Amino acid sequence: MTEQKPISRRHPLRDSRVDQEAARHIPDTPQTRSPSYRLAFTDDEFMLRDDLRPVRLQLELLKPDLMMQEFGVESTIVMFGGARIPSPDRKDTAKTKTLAELSKYYDEAREFARIMTARNNGHKENVIVTGGGPGVMEAGNRGAQDAGGLSIGLNIVLPHEQAPNEYVTPELCFNFHYFAIRKMHFLMRAKAIVVFPGGFGTLDEMFESLTLIQTGRMNRVPFLLFGKAFWEKIINWEALADAGTIAHKDLELFKFVETAEEAVKAIDDWPSAGPRQSLEGR
């Protein structure tokens with residue numbers, strides 16, 4: 001595992017951490033007890049003000065980016081998919097027959113992540129990144145661990161308790177407040193996007209990623225959908241093209257696959273990224 005590099009000082013000014021510690025030992029007076037006297041960057045009440053939202057957005061963009069740089073992460077393989085899809089050995093816990101049937105994709109996700117991780121370059125290229133939760137996300141992180149590699153988990157605070165799955169590399173396990181910043185981190189280093197069956201969250205991530213590629217806001221990368229029968233049942237892709245709300249060539253932005261091996265081959269055979277998509281007809 002790559003170790004984080006110590007932070008080096010590039011200037012002679014006093015370290016903010018030294019002042020943070022010194023501020024804990026100041027005399028107790030009415031003045032020092034006042035919220036106004038707290039160091040701004042250690043004042044949680046101040047940092048959570050509505051006025052500080054731009055700063056919090058910046059921090060959520062900056063913190064994971066710096067930590068991934070320190071670990072040498074250069075590119076990622078993005079894995080989206082349902083949190084409710086169980087592993088095959090637990091499919092008897094599935095709430096519906098369909099979820100039980102979809103459990104086969106847990107194993108495919110795990111195997112795909114294992115293969116891609118085993119092929120990466122010293123844990124720097126094609127690092128698996130998931131939403132850090134259960135289901136398909138767990139399978140992705142688990143497969144990376146099977147291969148002895150790193151993996152990233154981008155969790156987000158939800159109304160119900162959700163702990164990161166146990167297979168995420170601890171030093172690359174992040175927690176977000178802002179969905180928008182989390183989505184940026186999914187795609188900033190993406191060399192491929194792989195989508196498994198899922199619900200609203202998966203659909204949101206899939207369509208936003210496709211839209212970025214379709215509109216030329218992101219270079220075209222391998223974009224794979226596991227489970228053709230599932231996707232064609234819930235989305236009438238051809239109807240969108242026939243209606244003219246998308247172009248027929250937009251259907252070429254993604255490809256259906258069924259197995260991990262098929263997905264790996266599709267990535268290997270994917271046309272190299274050329275010019276970004278034209279906006280004509282959008």
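Analyst: A cavity is a set of points, on a 1 Å grid over the protein atoms alone, where a 1.4 Å probe fits but cannot get out. Grid points are joined across faces, edges and corners, and a volume is the space filled by probe spheres set on the points. By this rule there is one cavity of 30 Å³ or more. The model is predicted: local features need pLDDT of at least 70, side-chain atom pairs count only at pLDDT 80 or more, and totals for chains, interfaces and linings use all residues. Residues are numbered from 1 along each chain as its sequence is written, and side-chain values use heavy atoms, with hydrogens and water left out.

User: What lines the largest cavity?

Analyst: Its lining consists of Phe80, Lys183, Phe186, Leu187, Glu205, Glu208 and Ser209, where a lining residue has an atom within 4 Å of a point. The space inside is about 40 Å³. Helices H8 (179-187) and H9 each supply at least two lining residues; helices are DSSP runs of H or I with at least four residues, numbered from the N terminus.

User: Why does threonine 202 count as buried?

Analyst: Buried means under 20% relative accessible area, with a 1.4 Å probe and protein chains only. Threonine 202 has 4% relative accessibility, so it counts as buried.

User: Which residues does threonine 202 touch, not counting residues up to four places away in sequence?

Analyst: Contact means heavy atoms within 4.5 Å. Threonine 202, which lies in helix H9 (residues 200-214), touches Phe80, Gly81, Gly82, Val195, Phe196 and Trp231 on that count.

Technical notes
Buried means under 20% relative accessible area, exposed over 50%, partly exposed in between (1.4 Å probe, protein chains only). On a 1 Å grid over the protein atoms alone, a cavity is a set of points where a 1.4 Å probe fits but cannot get out, and a pocket is an open set with protein on both sides within 12 Å along at least five of seven lines; lining residues have an atom within 4 Å of a point.
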